[in-house]
Amino acid sequence: MEIGDRSPLKLRPHISETVWGGRRLIENYGVDPRGRANAAEAWVLSAHPKGCSTVETGPFAGQTLARLYGERPDLFGSHCAVNGKERFPVLVKLLDAKEDLSLQVHPRDGDEVLLPGEAGKNECWFILEAQPGAKLYMGPREAITRAQLAAAIEDKTVMGYMQDFEVEEGDFFFIPAGTLHAIGKGVLLAEVQQSSDTTYRVYDYNRLQDGKPRELHVAQATAVADLLPYEPARQKWGLFGTKTLCECEWFSVEERDVRFGFTDEADEESFVHLLILEAGEGAVLEWEGIEMPLRKGESVFIPAGAGKFSVDGDVRALVTYV
């Protein structure tokens with residue numbers, strides 16, 4: 001093992017600009033838009049071919065996460081290779097909805113409509129900011145048939161079937177693949193998901209992109225959508241401490257809200273990823289005598305096998321591992 005090749009790494013996110021994106025990631029989370037008018041999404045932990053994070057510090061600086069995963073899978077841990085997965089299994093992003101996002105649905109692994117190389121997408125959302133009255137839309141209010149859903153997509157009345165949930169900072173939801181869903185305007189959230197960008201758009205408010213309506217995916221959406229009402233298990237974060245938010249086949253997510261730091265370990269089974277949501281003055285990550293200053297919005301990758309590390313100071317972080 002080369003000296004320092006297990007040291008924590010800071011990652012630069014892939015940034016996307018969209019018709020619905022805002023600027024709060026730029027203004028509140030220190031995200032560099034790199035010339036874009038907005039920063040709708042920041043893929044802070046991603047080895048996906050449509051947008052990779054890039055290593056900024058340490059011995060692998062300048063490499064994309066996808067290249068690092070291909071050349072040094074040992075840095076990601078044995079759990080990333082479970083069931084022969086060739087694709088890095090998880091993607092973490094920040095998302096700022098200045099306007100409503102489209103109503104959409106994601107397939108499950110193994111669905112017949114998937115094209116070669118595509119994967120399903122289970123995901124979870126942690127609400128970081130929500131303007132008064134901001135909503136999420138998840139599942140139909142009552143059971144519908146596939147024929148009803150297809151007709152409602154075609155005649156653009158599908159939002160009338162959807163149930164909505166008013167949200168506020170600290171809410172957490174798990175969104176199973178197959179759930180019809182949309183993020184309403186005014187929501188800023190962190191998302192942890194399977195590493196997939198397979199999305200079937202159902203309704204987009206008749207918006208135009210390059211002068212044309214955005215494509216809808218009626219056949220695929222009606223084939224994979226759950227038709228029964230979905231009552232999400234809403235979790236609400238309290239004050240201080242550690243809470244496990246989600247454990248599933250593809251990822252585990254915890255929130256750490258601490259005033260005097262915490263100690264953790266990256267073993268041989270999985271990397272540990274920290275998305276820094278808040279960081280007080282002087283907050284640092286320490287590993288084998290090396291100190292790494294932490295700031296709000298930063299993405300830190302701790303390789304599998306790095307062993308024990310500590311975070312010192314007033315920090316709130318979303319912690320993801322496999």
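Predicted model: local features only at pLDDT ≥ 70, side-chain atom pairs only at ≥ 80, totals over all residues.
Colleague: What conventions apply to the numbering and the values?

Modeller: Residues are numbered from 1 along each chain as its sequence is written, and side-chain values use heavy atoms, with hydrogens and water left out. Local features need pLDDT of at least 70, totals for chains, interfaces and linings use all residues, and side-chain atom pairs count only at pLDDT 80 or more.

Colleague: Which residues of helix α3 are buried?

Modeller: Buried means under 20% relative accessible area, exposed over 50% and partly exposed in between, with a 1.4 Å probe and protein chains only. Helices (H or I, at least four residues) and strands (E, at least two) are DSSP runs, numbered from the N terminus. In α3, residues 146-154, the buried ones are L149, A152 and I153.

Colleague: Which elements do the buried residues of α3 pack against?

Modeller: Contact here means heavy atoms within 4.5 Å. By that criterion the partners are β15 (200-203) and α4 (218-224).

Colleague: How many aromatic pairs does the whole structure hold?

Modeller: Rings of Phe, Tyr and Trp (its six-membered ring) pair if their centres lie within 6.5 Å; planes under 30 degrees apart count as stacked, over 60 as edge-to-face and the rest as tilted. A search of the whole structure on these terms gives seven.

Colleague: What is the geometry of the pair F76 and F88?

Modeller: The ring centres are 5.3 Å apart. The planes stand at 70°, so the pair is edge-to-face.

Colleague: How many residues apart in sequence are the parts that F76 and F88 tie together?

Modeller: F76 and F88 both lie in the loop between α2 (65-71) and β7 (90-97). F76 counts as buried at 0% relative accessibility, and F88 counts as buried at 1%. The parts tied together by this pair are apart in sequence by 12 residues.

Colleague: What kind of pair do F271 and F301 form, stacked or edge-to-face?

Modeller: Both F271 and F301 are buried. F271 is in the loop between β21 (262-266) and β22 (272-279) and F301 is in strand β25 (residues 299-302), so their pair ties together parts 30 residues apart in sequence. With 5.3 Å centre to centre and 20° between the planes, the pair is stacked.

Colleague: How many residues are in the largest nonpolar core?

Modeller: A nonpolar core is a set of buried Ala, Val, Leu, Ile, Met, Phe, Trp, Tyr and Cys residues joined through side-chain atoms within 4.5 Å. In the largest one, L45, F76, F88, V90 and L318 have the most contacts inside the core. Another core lies apart from it, with 21 residues, among them L149 and A152. The largest has 42 residues.

Colleague: Which ring does R256 lie over?

Modeller: A charge sits over a ring if NZ of Lys or CZ of Arg is within 6 Å of the ring centre and within 35 degrees of the ring normal. K296 lies over the face of Y29 at 4.6 Å from the ring centre. R256, at 4.6 Å from the ring centre, lies over the face of F262.
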